[in-house]
Amino acid sequence: MAEPSSRSWQVFLDVFEHLPRQGPGNRASTARALALCADLTPAPAIVDLGCGVGAQTLDLATLTDGSVVAVDDHGPFLERLAVGADALGLTDRVRPLCADMAATGLRPASFDLVWSEGALYQIGLENALRICAGLLHPGGHLAFTDAVWRRDDPPAEVRACFGLDYPTMGTVDDDLAVLARCGFEPVDHFTLPDEAWWQDFYTPMQARVRELRQALAGDREALDVLDGLDAEAELHRRHGDSYAYEFFVARRASDG
Ligand SMILES: C[S@@+](CC[C@H](N)C(=O)[O-])C[C@H]1O[C@@H](n2cnc3c(N)ncnc32)[C@H](O)[C@@H]1O
């Protein structure tokens, strides 16, 4: 995440640093994707790219006996993850790493599983998938979520909203094609359920926005950011059928 420079960015972070997660997802979906990774060793070496405060990092550490390197470039998210790992007695198996996921310095071909929820698009999906392939040993698994269009004709306001953050967003088939180009064999994919948007993401986000509206009353720039976040949740309520978060599970092709 780029370092904050403006008041708007500070307010945005003041919302997101206090949320249980920074994008749609939930433990059940993480567990479902993990179960699709066949033949995974009981104690896999996992890297979680763009982990945020690490909701799914901690789920992976509790759902397996493995170790997780949790990568994010925003230090305060990792500080919260470290507190969460400590509370669960997982500090020996969860290693926060503050780094750009495009240049982690992690040893190539050293992971059984690369994980990423809602983050790979930030460095360009194809670029990111090539980096994931490089981190995995041949036959290793990749699981990631990505926003995809569900309709050819999404409403203009939805296109405008996603166009700002993710101008190259495609369809499920587009992502499957990128996976194939990057040397992955698809295993399966599924759509995140509605509760992964509302219970785990937008409901806490809207509660935090309400708190800050009181604390920041009179601060026009701050209120504009909070209005924008409420508008995004409302857009999802009205037009969530136009797009989805898809969970993809794939396997790095074995060499030779
Ligand atoms: C939408 S949030 C998802 C966070 C978390 N995976 C979740 O689902 O709750 C995307 C995360 O990617 C991180 N991020 C964005 N660009 C990054 C980069 N180049 N390197 C590392 N982390 C990055 C952000 O700081 C943020 O925590």
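The following legends describe several close-up views of one predicted model. Residues are numbered from 1 along each chain as its sequence is written. Because the model is predicted, local features need pLDDT of at least 70 and side-chain atom pairs count only at pLDDT 80 or more, while totals for chains, interfaces and linings use all residues.

**View 1. The open sheet has seven strands with mixed pairing.** The strand order is S3-S2-S1-S4-S5-S7-S6. Strands (E, at least two residues) and helices (H or I, at least four residues) are DSSP runs, numbered from the N terminus. Two strands pair if DSSP finds at least two bridges between them. Strand S3 (94-98) and strand S6 (184-191) are the edge strands, each of which pairs on one side only. From one strand to the next, the twist averages 20°. Angles run from 0 to 180 degrees between N-to-C directions, and axes are lines fitted to C-alpha atoms, for helices over the stretch in contact.

**View 2. Strand S1 (residues 45-49) runs parallel to strand S2 (residues 67-72) and also parallel to S4.** Five bridges join S1 to S2. Within this pairing, Asp-48 has Ala-70 of S2 as its bridge partner. Three bridges join S1 to S4, and here Ile-46 has Leu-113 of S4 as its bridge partner.

**View 3. Strand S4 (111-117) is mostly covered.** Seven of the seven residues of S4 are buried. A residue is buried if 20 or more other C-beta atoms lie within 10 Å of its own, exposed if 12 or fewer, and partly exposed in between, with C-beta atoms placed from the backbone. S4 pairs with S5 in the parallel sense over six bridges. In this view, Ser-116 stands opposite Phe-144 in S5.

**View 4. Helix H5 (residues 125-135) lies across S1, S4, S5, S6 and S7.** H5 runs at about 155° to strand S5 (136-149). The buried residues of H5 are Leu-125, Ala-128, Leu-129, Ile-131, Cys-132, Ala-133 and Leu-135. An α-helix has 3.6 residues a turn, so residues three or four places apart point the same way. The cover over the buried residues of H5 includes S1, S4, S5, helix H7 (172-181), S6 and S7.

**View 5. Helix H6 (residues 156-165) crosses helix H9 (residues 220-239) at roughly 135°.** The two axes come within 11 Å. The angle makes H6 oblique to H9; angles under 35 degrees count as roughly parallel, over 145 as roughly antiparallel, 65 to 115 as roughly perpendicular and the rest as oblique. H6 passes H9 in a left-handed crossing. A crossing is left-handed if the near helix is turned anticlockwise from the far one by less than a right angle, and right-handed if clockwise. Glu-157, Val-158 and Cys-161 of H6 and Glu-232, Leu-235 and His-239 of H9 make the contact. Two residues are in contact if their C-beta atoms, placed from the backbone, lie within 7 Å. The contact residues comprise three nonpolar, one polar and two charged. In this grouping, Ala, Val, Leu, Ile, Met, Phe, Trp, Tyr, Cys and Pro count as nonpolar, Asp, Glu, Lys and Arg as charged, and the others, Gly among them, as polar.

**View 6. Helix H1 (residues 7-16) packs on H9 at an angle of about 50°.** The axes of H1 and H9 are 9 Å apart, and the two helices are therefore oblique to each other. Their crossing is right-handed. On H1, the contact is made by Arg-7, Ser-8, Val-11, Phe-12 and Val-15, and on H9 by Glu-221, Ala-222, Val-225 and Leu-229. The residues of this contact divide into six nonpolar, one polar and two charged.

**View 7. Gly-218 lies in the loop between helix H8 (194-215) and H9.** Gly-218 counts as exposed because it has 6 C-beta neighbours inside 10 Å. The C-alpha atoms of Gly-218 and His-239 are separated by 31 Å, with the two residues 21 apart along the chain.

**View 8. Asp-39 and Ala-109 have positive phi values.** Asp-39 is in the loop between helix H2 (27-35) and S1. The phi of Asp-39, a residue other than glycine, is near 60°. Asp-39 counts as exposed because it has 8 C-beta neighbours inside 10 Å. Ala-109 is in the loop between S3 and S4, and its phi is about 55° although it is not a glycine. With 13 C-beta neighbours inside 10 Å, Ala-109 counts as partly exposed.
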